[in-house]
Each structure stands twice: as C-alpha cells, then as structure tokens.
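This report describes selected local features of one protein chain. Please read it alongside the sequence and the coordinates.

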Amino acid sequence: MTQTHDDLAGRLIEFVEALRSKGIPTGPSESVDAAAVIRVLGLENRDLLREGLAAALIRRGGQRDVFDKTFDLYFPLATGATQVVRDHGEEMTIEDLRDLLTMALAENDLRTLEQVAELAVDALGRVGSGVDGGTGQSGFSAYQTLDRMQPQTTLVAALAARGSGGGGSQGTSSGGQGGGTDELDDRLAPGEIRRNIQIFRELVASEARRRTAEERGREVVTRHAVQPGGDRIEFLTANRHQLEELRSAVRPLSRKLATRLAARRHRARRGRIDIRRTLRRSMGTGGIPIRPAYAKPHPSRPELVLLCDVSGSVAGFSNFTMLLVQALSDQFSKIRVFAFINAMAEVTELVKADPDDLSARISNEARITKWHTSSDYGEAFADFVADHLNAIGPRTSVLILGDARNNNQDPNIPALHQIAAKAKRVFWLNPEYHLRWGLGDSVAPRYAEVVDMFECRNIDQLSRFIGRLLPV
C-alpha cells in the first residue's frame, strides 16, 4: 500500500465516515487516534494496522465484524486481480477449482482456501456489463460464485465417503480425482469440514466485495454489502439467522441494562428536590440555595405490563422485547405480559419458561385470534379493558409493542384512553421508521395523540429507551 500523505488522510476520513454510517460511533477524537496509529505502525504490516485501527475506533462489543469488512474495502490487500489470478486464472475450470477446494479442506490450508476463493470469484463471479449480454453495472457476485462452485457438495462427498469406508472410486463431487475426498475423510471430522467450508464462503464474499468496490466505488459497496452491527439490525427486516443472533444477545444485553437501571435507581433514592423547602432554607444564606432540600424518596420498584402485537414480522420485535424484559425481571416488582393479534391473552408464564420457539408456543397455547388472523388493535384493546384492566394499578407502567397497522379497522381510541387513565405511564414502542407512521393502514399518529410513541427499530434504540426513559 503505497500512498501519498494526502491520499492516506482522505482514505482515513472516508473510512471513519463509512464506519459511522454503519453504526460505529467514531468522532474527531477517534479519528485523531487512528491517524496516530497509522503514523506509528505504518502500512507495511496490514494485520498489525488492522488491530491498531480497531483499538482506536471500536468502543463497544459487537462491532468487530462490521469494522473488518469495512477495513477490507478501504485498506484492501491487493488492487485488481491478485497474483494467483494473473498466474493461473485463465487455465482454471470449475472442476479444477473444486479439486483445489477439496485439497485445501483436506490440508486445513487457509492460505490455499483464500487463493481458491480469489480464483473462483474471478472465474465465476462476474456480473453486469459484458457478461451473458448483461446491461447493468458491472461487479462480482458472491452468490453467483458459490452457486456455480457449490462447495456444499464437497461436504456431501466427504460424509458419503466416510459412511462407505472412503472408497477411492467415489471421487469428488466434480468427477475429478478421488484421492482428495479420501484424504479429507481421513484427516478431518465433519464439523471441521463444515467450519472450513463456512470460512471459504466468507472469503468468497470478501473477495467479491473488494473486486466490486474497485468498479462501483467503496461507498456503494459499504452501503449495500456490509451489514450493520447486531445492535443496528432492524427487527422488521431481520431474517431468521439474524433473529437468532438477536435472541442470543438477550442475556448480555439484560446484564448491561440492569446495571444502568440500578444506577438510575440509586441516584433516585435521594428523591427529587423540594423547591419550597429549598427556597426556605436559602433565606439563611442570602437567597442562594447552597443546601438543597429533597422530597421523601419512593424507592419501590415499578410494575410493568406489556401488550405485544405478535402478528407477522412484528412478532420478532415483540418476542425479543418480551424475553429482554423477562431477563430484567429483578428490576421490577411485577411483570405481566399479554399478547394479541386481534384477541388479548396473558402469556406471562410462557415467557417465563423462555422456550426455544416463543412464537409457536404463543400461537398454539394462547387465544390471540378470533374469527380472522389480521391485526386489530381496537378489538384487542377492547378485550384488555373488559378482561384484564385490573392488571394495571397506580404504580404500573404499560409498554405497548406494535406497528399500529390496524387493517382499516376501528382503532378504538376510547379503550386506549381507559388504559392510559389507569396506568402511571404508557409508552408505545413502534418498530417502523417514523416517516411511515400514518401511511397506508397505519393509525400510529392517532394513537400517539393518546400515549407517548417511540421509534424502536433495533436493539440500539430499544436499549436507549430502557436505559434512559423506562421508569425506575
């Protein structure tokens, strides 16, 4: 990496801005630290530079994967085709690449895996202009590369060979020499094979991003190909794998939030300043309130009631929040959880059990629908007022979780007024972007006139709400 001072400074600024766009809070002080790291470490050792910049720019957990992917775009290992591609790319067929992959897996050779990934992306991953008559923008596709390469067939062949005694006639999935599969079967367990294939997939994705960034720009690739950190994954667009990641984050996040709530509760033990008594006391010091007087504190922990829409994509958000609040149960004197689609049912015990599939348990064991399966907030609120209003007391805070999309049904504003009148506070957490509130069948603005509504699209926003706004 030979760059002038001005080029390097500009590259660093772009890198920091890209990290910020992906939710990593980097500011002027972190940028100054990063510049000092580059000045001290230089550019000769890329791995050392990566670790130095990570130490300067990452301030909390869960951000390293985003940092590494962005670093590879702004400080790439090579420009254009790598040396191995220039030397061997033209002579490689798909069968040759599959045989090389099998050999690399057998040897547990990560460097060879990396070279196979470079060769595969160059040979199989080109998309856009000039490819099969394509007219779009050019680039490289990891999906297309893996679809043509089919590395999973290597695993199938290896496991089949293991089960049949590893006969040499089985060969590889590509029909090449059989020795590679036998060697792989002898040396590696199936779990190791799977891990190495996953490493190969990640190497292909990284190489495709690097090659595409050179043709379409680093900013474009960062925006579309680098996924945000776990705390920025949106609940409504998360896929199944991402929802599992969010679920695994419940326990560590609950410990962090419990610490924040405990600190807030400790500060609140002194009570609020009693303005009247403070002014009286200040008369002895010339009107200067040197010694503030505090009202009698009320240290009792609040009660919490959750009303959760569990329909459609909103279910992932509601399930995560239910499990998080249950993990924070020590911070509240009582927690009761209700779920609904168009009928309200208590699911407190189901949430306490912390099942593997909370959605399925709620759907099978709780009456959350009536004669149809579409969301109807008005009907659900009516059920709650009729059957469960006694769950709310003068110390109860109510959290309503949902997108307020009512399928053009009656929103039943009076029922929400009744809930708000009986509770100490009512908060509505909406996982939709606030600019979509009121569009289509959304009645969010009407509900927001009755209760405080907050945008809550990801873990970061949910954590800030619980840590700063939830009553303690």
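## Terms and basis

A residue is called buried under 20% relative accessible area, exposed over 50%, and partly exposed in between (1.4 Å probe, protein chains only). The model is predicted: local features need pLDDT of at least 70, side-chain atom pairs count only at pLDDT 80 or more, and totals for chains, interfaces and linings use all residues. Residues are numbered from 1 along each chain as its sequence is written, and side-chain values use heavy atoms, with hydrogens and water left out.

D87 has a relative accessible area of 44%, so it is partly exposed. This residue belongs to helix α5, residues 83-88; helices (H or I, at least four residues) and strands (E, at least two) are DSSP runs, numbered from the N terminus.

Together with E90, E91, E95 and D96, D87 forms a negative surface patch. Patch members have over 30% relative accessible area and no salt bridge, and like charges are joined within 9 Å. A salt bridge here is a side-chain nitrogen of Lys or Arg within 4 Å of a carboxyl oxygen of Asp or Glu. Asp and Glu count as negative, with the charge placed at CG of Asp or CD of Glu.

R46 is part of helix α3 (residues 46-57) and is buried, at 13% relative accessibility. A polar atom of the R46 side chain lies 2.8 Å from the backbone oxygen of F75. Such a polar contact is a pair of N or O atoms within 3.5 Å, one able to donate a hydrogen and the other to accept it; residues adjacent in sequence count only if both atoms are side-chain atoms.

Y74 sits in helix α4 (residues 64-74) and is buried, with a relative accessibility of 1%.

Most residues other than glycine have a negative phi. A404, not a glycine, has a positive phi of about 60°. N408 likewise has a positive phi of about 60°.

A404 is located in the loop between β6 (396-401) and α20 (413-422), and N408 lies in the loop between β6 and α20 as well. A404 is buried at 0% relative accessibility, whereas N408 is exposed at 69%.

## Helix α19

Helix α19 covers residues 377-387, and its buried residues include Y377, G378, A380, F381, D383, F384 and V385. At the start of α19, the backbone nitrogen of G378 has a side-chain oxygen of D376 within 3.2 Å.

Methods
Patches are made of residues with over 30% relative accessible area and no salt bridge: like charges are joined within 9 Å, nonpolar side chains (Val, Leu, Ile, Met, Phe, Trp, Tyr) within 5 Å. Accessible areas come from the Shrake-Rupley method with a 1.4 Å probe; for residues, only the protein chains shown count as cover.
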